Amino acid sequence: MSEQAPALKNVLVTGGAGYIGSHVVYALQKTRRFKVISIDNHHNSHPAALSRVSELSRKELGPNPSELELASTIVDAHKCDLTQPSQIRTVFEKYGKGGIWGVIHVAAYKAVGESTEIPLTYYANNVGATVSLLQTMEEFECRRFVYSSSATVYGTPPVIPIPETTRLQADSPYGKTKVMSETIIDDLCHADQRWRAISLRYFNPAGAHPSGAIGEDPLGRPGNLLPLLAHIAVGRVKDPVLKVFGNDYPTPCAPVSSGSLNPANKVE
Ligand SMILES: O=c1ccn([C@@H]2O[C@H](COP(=O)(O)OP(=O)(O)O[C@H]3O[C@H](CO)[C@@H](O)[C@H](O)[C@H]3O)[C@@H](O)[C@H]2O)c(=O)[nH]1
């Protein structure tokens, strides 16, 4: 590596092996400016997703890539439980104070129905873990944060399309965990101006990389419409029933582009 070459910035992605997480990792690797660290407990993902992302990124390197470019395609993957602060700490300790440039927090439980049955699990994994993560970041002087929220924070919105200024009134425990986490992040940024954070409210993300190497591949019966349809189509669902609740819902469509996932654009 030449002495002038700028070092890669270390970015931690939680839930890196999941649907959105794996595409975020890919988007980061494509810039060739970041080294990705992933934390995932594989509650809803296969560890292989991360190897597939790296393989994809390596294939896209030009001929004779530099050492730095090659290094940008390697993920430092940790299987760890975000509800255990000591496990988060171990990852930060590896990089030391200031060693992790920023965090993109995607890991969460996301099934609305399930959240009404096991709310405590949702509050522990989606809110408690977010607080532990922010506390560890503070301790290790890492204050750039991109939070994966959800349009579910609006509950049943009074107007569609939903203006960003709409009041937050989530209906389910899952939605409430997103409102609470957003509030915590907001309070933190107001208390300490050194923090740079943004919450992204995704609607229904759909699609996959054109190669088919990465996409939405949840474990068990999918809770979301599109993976459920895909699983039914390939015969992976035991009870292949799909309930259609209406045919007049005005579904807006917008790309979740790599640009919107790039923390450098959002928190720098
Ligand atoms: O405590 C947990 C819970 C989940 N995960 C992992 O986090 C990833 C989440 O990915 P996935 O289940 O595929 O969900 P996504 O569709 O990527 O969901 C994301 O997108 C939602 C909005 O659409 C956000 O609300 C969620 O925070 C976020 O997980 C998976 O790999 C899980 O194994 C953990 O590591 N720890």
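1. Asn125 counts as buried, at 16% relative accessibility. Buried means under 20% relative accessible area, exposed means over 50%, and partly exposed is in between, with a 1.4 Å probe and protein chains only. Asn125 sits in helix 6. Helices (H or I, at least four residues) and strands (E, at least two) are DSSP runs, numbered from the N terminus. Asn125 and Tyr109 are 16 residues apart in sequence, yet 7.0 Å apart in space, C-alpha to C-alpha.

2. A word on the basis. This is a predicted model, in which local features need pLDDT of at least 70 and side-chain atom pairs count only at pLDDT 80 or more, while totals for chains, interfaces and linings use all residues. Residues are numbered from 1 along each chain as its sequence is written, and side-chain values use heavy atoms, with hydrogens and water left out.

3. Next, the aromatic pairs. Rings of Phe, Tyr and Trp (its six-membered ring) pair if their centres lie within 6.5 Å; planes under 30 degrees apart count as stacked, over 60 as edge-to-face and the rest as tilted. The count comes to four aromatic pairs. Phe34 and Trp101 form a tilted one, with 5.7 Å centre to centre and 40° between the planes. This pair links distant parts of the chain, 67 residues apart. Phe34 is in strand 2 (residues 34-40), and Trp101 is in the loop between helix 4 (85-95) and strand 4 (102-105). Phe34 is buried, and so is Trp101.

4. Tyr109 and Tyr122 have ring centres 5.5 Å apart and planes at 65°, so their pair is edge-to-face. Tyr109 lies in the loop between strand 4 and helix 5 (112-117), and Tyr122 lies in helix 6 (residues 119-139). The pair therefore ties together parts that are 13 residues apart in sequence. Tyr109 is buried, at 13% relative accessible area. Tyr122 is buried too, at 0%.

5. Now the nonpolar cores. Such a core is a set of buried Ala, Val, Leu, Ile, Met, Phe, Trp, Tyr and Cys residues joined through side-chain atoms within 4.5 Å. The largest has 23 residues, of which Val11, Val13, Val25, Leu28 and Ile104 touch the most other members. Helix 1 gives the most to this core, with six residues. Apart from it lies another core of 21 residues, including Ile88, Cys142, Phe145 and Ile185.

6. What surrounds the ligand? There are 23 residues around it, and the closest are Asp40, Ser45, Val106, Tyr174 and Lys178. A residue is near a molecule if one of its heavy atoms lies within 4 Å of it. A polar backbone atom of Val106 is 2.6 Å from an oxygen atom of the ligand. For Asn41, a backbone N or O atom lies 2.9 Å from a ligand oxygen atom. The protein covers 97% of the 710 Å² of accessible area that the ligand has on its own. Those areas come from the Shrake-Rupley method with a 1.4 Å probe.

7. Last, some backbone details to check. The peptide bond from Ile160 to Pro161 is cis, with omega near -5°. Pro161 is in the loop between strand 5 and helix 7. Arg32 is not a glycine, but has a positive phi of about 60°. Arg32 counts as buried, at 18% relative accessibility. Glu141, also not a glycine, has a positive phi of about 55°. Glu141 is partly exposed, with a relative accessible area of 44%.

How values were computed:
Polar contact = N/O pair within 3.5 Å; in protein donor to acceptor, adjacent residues only side chain to side chain.
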